[in-house]
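Dear colleague,

I am handing over a structure that you have not worked with before. Please look through it first; my notes on what was found in it follow below.

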Amino acid sequence: MRKAATVAIAIMVVVVLGWYIRERVSGPSGPGETGEVETTREVTLYFGSHDGGSLVAEHRQIVSSRNILENLRRVLEELVSGPEGEAMASLPASARLRGVFIHDRTAFIDFSQEIVKDFAGGTTAEYVLISSLVQTVCANFPEVDAVRILVEGEEVNTIGGHLLVSRPLKPQEWR
Amino acid sequence: MKTGIRILAVMLLAGPCLAQSVQVSYSDGRPVESIAVLQHDDVVYLSVSQIARLLGLEKTADLATDEVTLRSGSHTFKLLIGGTVWMLDGETVAPGDVAFREGDEFFVELGAVEKTLAPGLGTMLRWDEAGGTLFVGLPAPSIIDIDVRSSRERVTATIKTIGMLNYELLPAVDGKIEILVKGGVFSKRLGFDSEGGLIESIQAKQETHGTRIIVSLGDGDPGYRVFPRFDPRGIVVLVWKRTLTDIPDPEFRPPRTLAWADRFSPARVPIDLIVIDPGHGGDNLGSVGPSGYMEKDFNLEISRKLRDALERKGIDAMLTRNDDVFVDLVTRTEVANSVGADLFISMHANGYGDPQAGGFEIYFLSPAMDDHARTVAAMENAGSGIVPVSVDDAGEEIAFILWDTAQNEFVVESSHLAQLIDEELAGDLKIKNRGVKQATFVVLAGVYLPAVLVESAFITNPREEELLADDAFQDTIVNGIVEAVLRFKQHYGR
Ligand SMILES: [Zn+2]
């Protein structure tokens, strides 16, 4: 599995690099140009409810790219930054997104170690963390059926010591 | 360095060096014998081979690196560089010039054996110069008792030890299992006999390197397994009747691939052993309350109470940890599987960002929703018949998938037990009932038996933190779980 993750990271690097080069070659699209127009897109973010028993949806506009990985990254960064409304944050604010890639309809989300180190909750907090990630990704990206969480590029068994995450996390299971 | 040793050796042996005969008297009843020792200038030297034999130590020598190792149980003594450097369990101990190497053998001054080497290895040797006798005493018994419990289908013999002893299991020959317990000293010459039982007899024999335990199995080629037990400390010999299992269930495939499955069928074994798992421990605190009460401490307190309460009802219970230490999650599940437990209950306190969040909830394992095809493929691959219970990195995925299918068999019972606990607590606890839920917990992921996880209350909620620390509240939870277990037992008639 670690090998698969490495391969997928390599694929991601190539894809991102390709996208970057293309953007550079075509040049930034300024106002009045007929090329790429900056678009925004409404996304749905899921945070924890106050009693931790369910998720609360928040809608937000993000700048949309034609690159799905870039969009995925923007959505996740919004999720990490926490709710604007009354809901509860689901991820430690210190967790940094190291990378994202999609392989075989599964989104691999690589966080910095703070997601484990700064997670202080019990089972309910852990459940909210995982389900908010899975539901947010799958709600906004129909290309994705499952989520896998990596920490510092490696698969981990568990974030907080309760729930098993070293497997594809599917939205129908993490409600 | 080599030259230095030579010089030392030559220097020591330059004077008259006599072979001397001394008496050896053993405290463990071995007959008195007479051995040859080396004497030089009134100082007596023993060879390391003799020391090893007298004290029942394991000796390994690497002459290329000028190194000799003596081992007893968990202690290791090393003589390095021709005996000039002495190390006990990795620490240097200073003996002075009391040893030398001659040819293939090291020689050590008797006084240093008496004062440093023998006690360091937990053994005893005393030199009575006037009587010309060496007294050799073995350490206090480390194997204290054998506890045998049997039912019609299985027998559990626990060889109780002081500390954790290493052992080696020899393959069964003619229905006899031999366990070599390293450094073990058997307290009494006691054994166990049961004509026609699954275990017919257990005998212990004291040997120089430890104790040899011989378990004679009964007729019918019973299955057996030997594994360490953590609480109480010991080595468990679990023997079960094979006929139990040979009833194939056409709907259920794992028995071919899961070692456990041809041992126990959950529906036929009486519920008489429950494994209680106090969550977290050591550096793994779990959730921490606003006034500092830690989940790990609550978990241990309530688990001990639950164990005692179950035992008062005649149900054996054991803990996966009985101290403030972190036991990794795989070990916890291994304990539950290997002792042949009938139920697994993991005790936790909940935590969440909002301090108002509160209540109790009971979890059982959700059958994972992986593709059935993958499960079947993995089982085909696993094919050969034994699945390691110990889940290492590489085996994790496959073990999970196997568990996944296997757990389905227990899901009905697990959810039933969770339901009963929830009902019992709902009547007695004056906090919110969050209900019965399903989730994939690591600690339950490898457990091949009905398993639930209890979140007693939210330690992050100030009011509930206080309750969790309260004796009466703890007792209420314990009583509720015990009642639920009794109802569960009664329902399944076992
Ligand atoms: Zn916990």
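What pLDDT does chain A average, and what share of its residues score at least 70? The model is a predicted one, and chain A averages a pLDDT of 84, with 79% of the residues scoring at least 70. Within chain A, confidence is highest in helix α4 (residues 123–140), at a mean of 97, and lowest in helix α1 (residues 2–26), at 48. Over residues 14–35 of chain A the pLDDT falls below 50, and beyond near neighbours in sequence this stretch has 10 contacts in the model.

Chain A

The secondary structure of chain A consists of 4 helices and 6 strands. Read from the N terminus, the order of these elements is α-β-β-α-β-β-α-α-β-β. Chain A has 175 residues, of which 51% count as buried. Among its contacts between residues at least 6 apart in sequence, 59% join residues at least 24 apart.

Helix α4 of chain A contains Thr136(A). Thr136(A) counts as buried because its relative accessibility is 0%, and the cut-off for burial is under 20%. Setting aside neighbours within four places in sequence, Thr136(A) is in contact with Thr44(A), Leu45(A), Tyr46(A), Val75(A), Leu79(A) and Ser131(A).

The interface between the chains

The contact takes 28 residues from chain A and 33 residues from chain B. The area buried between the two chains is about 2,300 Å², and carbon and sulfur atoms give 49% of this area. There are 16 residue pairs in polar contact between chain B and chain A, both residues of each pair being at pLDDT 80 or more. On the side of chain B that touches chain A, the elements that give two or more residues are β24 (343–350), β25 (360–365), α7 (396–428), β26 (433–439) and β27 (451–458) of chain B. The residues on this side of chain B divide into 13 nonpolar, 10 polar and 10 charged.

Across this interface, 1 salt bridge is found. The side chains of Lys432(B) and Asp51(A) meet in a salt bridge at 3.2 Å, N to O. This pair crosses between chains, from Lys432(B) in the loop between α7 and β26 of chain B to Asp51(A) in the loop between β1 (39–48) and β2 (55–64) of chain A. Lys432(B) is partly exposed, with a relative accessible area of 45%, and Asp51(A) is likewise partly exposed, at 30% relative accessibility.

Salt bridges within the chains

Over all chains, the count comes to 25 salt bridges. Side chains of opposite charge can pair when their charged atoms come close. In chain B, the side chains of Arg101(B) and Asp66(B) meet in a salt bridge at 2.1 Å, N to O. This pair links distant parts of the chain, 35 residues apart: Arg101(B) lies in strand β9 (residues 99–102), and Asp66(B) in the loop between β4 (58–62) and β5 (67–72) of chain B. Both Arg101(B) and Asp66(B) are buried.

Glu67(B) forms a salt bridge with Lys78(B), with the closest N and O atoms 3.1 Å apart. Glu67(B) is in strand β5 of chain B and Lys78(B) in strand β6 (residues 75–80), so the pair ties together parts that are 11 residues apart in sequence. Glu67(B) is partly exposed, with a relative accessible area of 23%, and Lys78(B) counts as partly exposed at 26%. In chain A, a network of salt bridges links Glu58(A), Arg60(A), Glu78(A) and Glu84(A).

Not counting residues up to four places away in sequence, Asn299(B) touches Pro278(B), Gly279(B), His280(B), Arg321(B), Met347(B), His348(B) and Ala349(B). Glu311(B) lies in helix α4 (residues 295–312) of chain B and counts as partly exposed at 38% relative accessibility. Apart from neighbours within four places in sequence, Glu311(B) is in contact with Asp316(B) and Ala317(B).

Helix α5 (residues 329–338) of chain B is largely enclosed by the rest of the structure, because 8 of its 10 residues are buried. Among the buried residues of α5(B) are Leu329(B), Arg332(B) and Asn337(B). Just after α5(B), Gly340(B) takes a positive phi of about 70°.

With kind regards

Key
Residues numbered from 1 in each chain as written. Chains lettered and ligands numbered in written order. Heavy atoms only, no water. Buried < 20%, exposed > 50% of the residue type's maximum accessible area, 1.4 Å probe, protein only. Contact = heavy atoms within 4.5 Å. Buried area = accessible area lost by both parts, 1.4 Å probe. Salt bridge = Lys/Arg side-chain N within 4 Å of Asp/Glu carboxyl O. Polar contact = N/O pair within 3.5 Å; in protein donor to acceptor, adjacent residues only side chain to side chain. Nonpolar A, V, L, I, M, F, W, Y, C, P; charged D, E, K, R; others polar. pLDDT = per-residue confidence, 0-100.
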